[in-house]
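Subject: Handover of a structure and its analysis

Dear colleague,

Please find the structure below, handed over for your records.

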Amino acid sequence: MGLTAESTGLGAVDNGLVIRKEDPGDRVIALAGNPNVGKSTVFNELTGLKQHTGNWPGKTVTNAQGRYLHNGRGYVMVDIPGTYSLLAHSAEEEVARDFICFGNPDAVVVVCDATCLERNMNLVLQTIEITPNVVVCVNLMDEAAKKHIRIDFEQLSQNLGVPVVGTSARSRRGLDELMECVERVADGKQAAAPMKVRYNSYIEAAIGMVEPVLQGRIGDRINTRWAALKLIDADPSLVQSLTDFLGADPFEDDEVAQAVETARRYLAGEGLDEEHLRDSVVSCLVLGAESVCADAVFFEDRAYNERDRKIDYLLTSKWTGIPVMLLLLAGIFWLTITGANYPSQLLSDGLFWVQDRLTDLFTALNAPEWLHGALVLGVYRVLAWVVAVMLPPMAIFFPLFTLLEDAGYLPRVAFNLDRGFKKCRACGKQALTMCLVAGRAFLILPR
Ligand SMILES: Nc1nc2c(ncn2[C@@H]2O[C@H](COP(=O)(O)OP(=O)(O)OP(=O)(O)O)[C@@H](O)[C@H]2O)c(=O)[nH]1
Ligand SMILES: [Mg+2]
């Protein structure tokens, strides 16, 4: 689906995100998940809106909201940008993290990709650290079935301590069950006992030094175990968001500042400085994700992704990734330009033949020269040129690009170009927008 008024207009921009409830009883639901797992597809199917969807990561970059009704109650759903973790490394990850942490949603639906569930669990575990009101939506079940991946939802739900629903959002399968689950969680009818991620003993001890101090101060507003770890971790953007949320800088409280300082000194003494602490936290999350999936996800065809892996290696490895990408893109531009010449010529012959007939008609009618000049040599001729020059290359370029999208090649382009884009303080996901813009410019300029 291309860009739409809803996906790019004011409705798509979070401008400080003001939640618009049509009814005071409306529930607010955050839709989180890794990039490209089908969040906006779920959002569109439920709300009837047209958020931008497509097979590459990073389409949704701000929060967008829409509303659906279920059992007579309104639900304001907020489609947040895809994020691999809540440890926020980019602006859109901050947007996602801040809404989940401080947006006070009644429930968070974490959409996951059924074909690589373990990788997606990282975000699920981070989310259930913050709030127990989580529903895990395992999407792309049709793709998982093709790869012979079987998922035991009951076991997964037991392991995580929150409800899990399987869906194929594109064909609306499972969305009714998802709405039921969301209703139960948002109404507090589902007893949730989310699993706790266990960190190593040093980190646990450090959390133990800070958490009790926080309990007396922010206990009912935010999960103190999570906040303690974040304060020790000293992520400046998180501390800023936390300050905004609490209305006061937590470090201005001497007792909190002292507890955090003691915890940090303790960790440093155990060899866990800032960088090592983050690495350890991530390792524990990865191990947690592994153990959650161990008895719930089954690969019935062990070699299911062997061919994919080989192709992936060719398309993204250091030595072949960029040359293959350049060849493919050059091939597309070449096909577009040479392939468009013949239909362009045919179209212009046809359209200019019509122009001659129009001139004959104006002459036969004795129409004044200025009228012929304005209508035939002006309006019609310009229109004919634009159609003859632009239509054929567009009719070739965009379907070819769509083929690359459907084959899943665009995320690989983003990956290949990420390093170069990072050097310019951008990220690889922006490469796709640039390819499209370059493509359009390329189509117009040589003509
Ligand atoms: N086969 C299949 N494809 C799906 C399903 N749900 C979504 N898709 C496709 O997956 C791709 C990504 O969907 P989006 O809804 O744009 O994903 P997103 O999570 O919003 O992506 P970002 O906003 O970039 O993070 C699109 O091409 C969708 O058509 C599904 O259930 N089955
Ligand atoms: Mg999206």
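Predicted model: local features only at pLDDT ≥ 70, side-chain atom pairs only at ≥ 80, totals over all residues.

Residues are numbered from 1 along each chain as its sequence is written, and chains are lettered from A and ligands numbered from 1 in the order in which they are written.

Overall figures

The protein contains 17 helices and 8 strands; helices (H or I, at least four residues) and strands (E, at least two) are DSSP runs, numbered from the N terminus. Its C-alpha trace spans about 95 × 55 × 45 Å along the principal axes. Of the 447 residues, 35% count as buried. Here a residue is buried if 20 or more other C-beta atoms lie within 10 Å of its own, exposed if 12 or fewer, and partly exposed in between, with C-beta atoms placed from the backbone. Among contacts with a separation of 6 or more, 70% join residues 24 or more positions apart; two residues are in contact if their C-beta atoms, placed from the backbone, lie within 7 Å.

The domain assignment gives domain 1 (5–186), domain 2 (201–272) and domain 3 (314–444), with bounds that come from an automatic or database assignment. Between domain 2 and domain 3, the C-alpha centres lie 54 Å apart.

The sheet

An open sheet of mixed pairing is formed by 6 strands in the order S2-S3-S1-S4-S5-S7. S2 and strand S7 (164–166) are at the edges with a single partner strand each, so one side of each has no neighbour in the sheet. From one strand to the next, the twist averages 25 degrees. Two strands are taken to pair if DSSP finds at least two bridges between them.

S2 and S3 form a hairpin with 2 residues between them, and Asn71 in the turn has a positive phi of about 50 degrees. Strand S3 (residues 73–79) has 5 of its 7 residues buried. With strand S1 (residues 27–33), S3 pairs in the parallel sense over 5 bridges; Ala30 has Val78 in S3 as its bridge partner.

S1 also runs parallel to S4, to which 5 bridges join it, and Ile29 has Ala107 in S4 as its bridge partner. Because 6 of the 7 residues of S4 are buried, S4 is largely enclosed by the rest of the structure. S4 and S5 pair in the parallel sense over 6 bridges, and the bridge partner of Val108 is Val134 in S5. The chain passes from S4 through H4 to S5 in a right-handed β-α-β crossover, where right-handed refers to a path from the first strand over the helix to the second that runs clockwise with the strands pointing away from the viewer.

Axes are lines fitted to C-alpha atoms, for helices over the stretch in contact, and angles run from 0 to 180 degrees between N-to-C directions.

Helix H9 (residues 224–233) is mostly covered, with 9 of its 10 residues buried; among them are Trp226, Leu229 and Ile232. These buried residues pack against H4, helix H8 (201–218), helix H10 (236–246) and helix H11 (254–269). After H9 comes Ala234, whose phi is positive, near 55 degrees.

Annotated spans

The unreviewed UniProt entry places the feature "transmembrane region" at residues 319–337 and 382–404; UniProt positions follow the numbering used here, feature names are shortened, and annotations may be inferred rather than shown by experiment. Residues 319–337 are 89% helix and 0% strand, and their end C-alpha atoms lie 28 Å apart. Residues 382–404 are 100% helix and 0% strand, with end C-alpha atoms 33 Å apart.

Yours sincerely
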